[in-house]
Amino acid sequence: MRQQQIFERACSLIPGGTQLVSRRPTQYASGVSPIYARWAKGARFGDADGREFIDWVSGIGAVILGYCDDVVDQAVCDQLRQGTIYSVNHELEVELAEELVELIPCAEMVRYAKGGGEACAVAVRIARGVTGRDKILFCGYHGWHDWYLAANLAPGALDDHLLPGIDPIGVPAALRDTALPFPYGDPAELEAQLERHRGEVAAVMMEPLRSQWPPEGYLEAVRELCDRERVLLIFDEVSTGFRLSAGGVQPVLGVTPDLAVFAKSISNGFPMGAVVGRRDVMAPAASMFISSTYWSDTIGLRAALTTLRELRRRDVPATLKATGQTLKERIRQAASATHCPVRVSGLDVHPQLEFELEPAWRNLAATLYIQEMALRGCHGYPSFYLNAAQGDPEIEQTAAAAKETFALIAAAVEDGEAGLRARLRCPPRGDAFRRQVR
Ligand SMILES: Cc1ncc(COP(=O)(O)O)c(C=O)c1O
């Protein structure tokens, strides 16, 4: 395949070959799955070898309306003709801030960034600056910056939150013990950590949920603990985005953090990030040095403003829920018709597949799933990022592909581990992101 050759060229010029770990070929069925895209429209994209795929990864969560959404792209094109960046500011910054304040319960003031990790770093800076404390207790994945990777200066801290074995090369050793992980779903453990580090913790930073509902009362307990210990609570909503509601997760969960971070789906794939929060927490950021040229770029701002308005106008969260419900149902039917040992779980807006096999076999089955689905024109892994352009044709094709794929996996499982390996045309996929918050 031509894209294998492109990737070889990339590896000689770009350390690691790609800019994002989740876009490495080893995250999929390497040699079978697409590596390079040429175009994307709606729910589909074409790769560098001329093949077409339904995309169940939605730009790693960045696309929520569908690729090249006509309304967002038109707004961006119009903006492009007016200029993308200036020596001065543009009123769009204020308009978008007004929209975010209206939509998101904790939002009274807003700052911008160009991506999720960057926005998380801004939130952490504000939390440290406003409290005068250094430590961050975190749960989940929050980007690539020093503050977060510093956790692994105590080796293994990120194993359950990101990937096992990450060496925090290049992160100053002096940051050791400034970022400390806590397990999801266990308020007693968080309480113990807050007590152990009393007076030193600036913020609890967490993904409030990912693809499962939080345990009953858990986030309320986290909120109470933060209040009691006078620690800021930050929700990282980069991955959940605006899929559960046009105001993010807060209106659905009924728990309001002090700060929240958004990126990815906020702008339907254009680079953008935002930190929003309570006035008394955000306002002191005026005297902190948090400043960057492209944070005023009007393309991300215009894309975000248009995306948020379109999300509401089209009631996209309801569409995604309906798509997810049907998809889950159809995939469940495919699993039971083929006696494939796979469980379909997850929120309707973020369905997941779990192969019910012994641990050593699970990754082999997941790789075989990715491979066989790719061969049938469906790009993805055993979890689905939905967007509003996916509809009945995509569900039909995916359900049919899943039925054939599950039949193949069921037959492979009959032959044991060797059977699974024998059917792979690629190496087993590399370590998938570990998710503390599932
Ligand atoms: C919850 C969460 N936070 C932060 C990030 C980092 O965002 P970005 O890749 O835009 O820097 C991600 C990316 O997947 C994420 O899922």
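Trainee: How many residues of the shell around the ligand are nonpolar, how many polar and how many charged?

Mentor: In this model, which is predicted, the shell around the ligand divides into 4 nonpolar, 7 polar and 2 charged residues. Of the 13 residues around the ligand, those that come nearest are Gly115, Gly116, Gly117, Val238 and Ser239. Helix 4, which spans residues 116–131, supplies the largest share of that shell, with 3 residues.

Trainee: Let us turn to the core. Which residues of the largest nonpolar core touch the most other members?

Mentor: The general idea is that nonpolar side chains tend to be buried together in soluble globular proteins. Here the largest nonpolar core holds 129 residues, and Ala123, Ala203, Ile234 and Leu259 are the ones that touch the most other members. Helix 4 again gives the largest share, in this case 9 residues of the core, and at least three core residues come from each of domain 1 (2–65 + 315–422) and domain 2 (70–313).

Trainee: Which residues is Ile234 in contact with, leaving aside its neighbours within four places in sequence?

Mentor: With those neighbours left aside, Ile234 is in contact with Ala123, Ala127, Ala203, Val204, Met205, Pro257, Asp258, Leu259, Ala260 and Val261.

Trainee: Which strands are joined to strand 5 by bridges?

Mentor: Strands of a sheet pair through backbone hydrogen bonds, either parallel or antiparallel. Strand 5 runs parallel to strand 7 (residues 201–206), to which 5 bridges join it, and Lys135 stands opposite Val201 of strand 7. Strand 5 also runs parallel to strand 6 (residues 179–181), through 3 bridges, and there Phe138 has Pro181 as its bridge partner.

Trainee: What is the order of the strands in the open sheet of 4 strands?

Mentor: The order is 1-2-3-13, and the pairing in this open sheet is mixed. Strand 1 (37–41) and strand 13 (378–379) stand at the edges with a single partner strand each, so one side of each is left without a neighbour in the sheet. Strand 3 (residues 52–55) pairs with strand 13 in the parallel sense over 2 bridges, and Asp55 stands opposite His379 of strand 13.

Trainee: Where does Tyr385 lie, and is it buried or exposed?

Mentor: Tyr385 lies in the loop between strand 13 and helix 13 (392–414), and Tyr385 counts as buried because 27 C-beta neighbours lie inside 10 Å, the cut-off for that class being 20 or more. Not counting residues up to four places away in sequence, Tyr385 touches Trp56, Val57, Ser58 and Gly61.

Trainee: How far apart do the C-alpha centres of domain 1 and domain 2 lie?

Mentor: The chain is divided into domain 1 (2–65 + 315–422) and domain 2 (70–313), and their C-alpha centres lie 28 Å apart. The contact between them takes 16 residues from domain 1 and 19 residues from domain 2. On the side of domain 1 that touches domain 2, helix 11 gives the most, with 3 residues, and the residues of that side divide into 10 nonpolar, 6 polar and no charged.

Terms used. Residues are numbered from 1 along each chain as its sequence is written. This is a predicted model: local features need pLDDT of at least 70, side-chain atom pairs count only at pLDDT 80 or more; totals for chains, interfaces and linings use all residues. A residue is near a molecule or strand if its C-beta atom, placed from the backbone, lies within 6 Å of it. Ala, Val, Leu, Ile, Met, Phe, Trp, Tyr, Cys and Pro count as nonpolar, Asp, Glu, Lys and Arg as charged, and the others, Gly among them, as polar. Two strands pair if DSSP finds at least two bridges between them. A nonpolar core is a set of buried Ala, Val, Leu, Ile, Met, Phe, Trp, Tyr and Cys residues joined through C-beta atoms within 7 Å. A residue is buried if 20 or more other C-beta atoms lie within 10 Å of its own, exposed if 12 or fewer, and partly exposed in between; C-beta atoms are placed from the backbone. Domain bounds come from an automatic or database domain assignment. Two residues are in contact if their C-beta atoms, placed from the backbone, lie within 7 Å.
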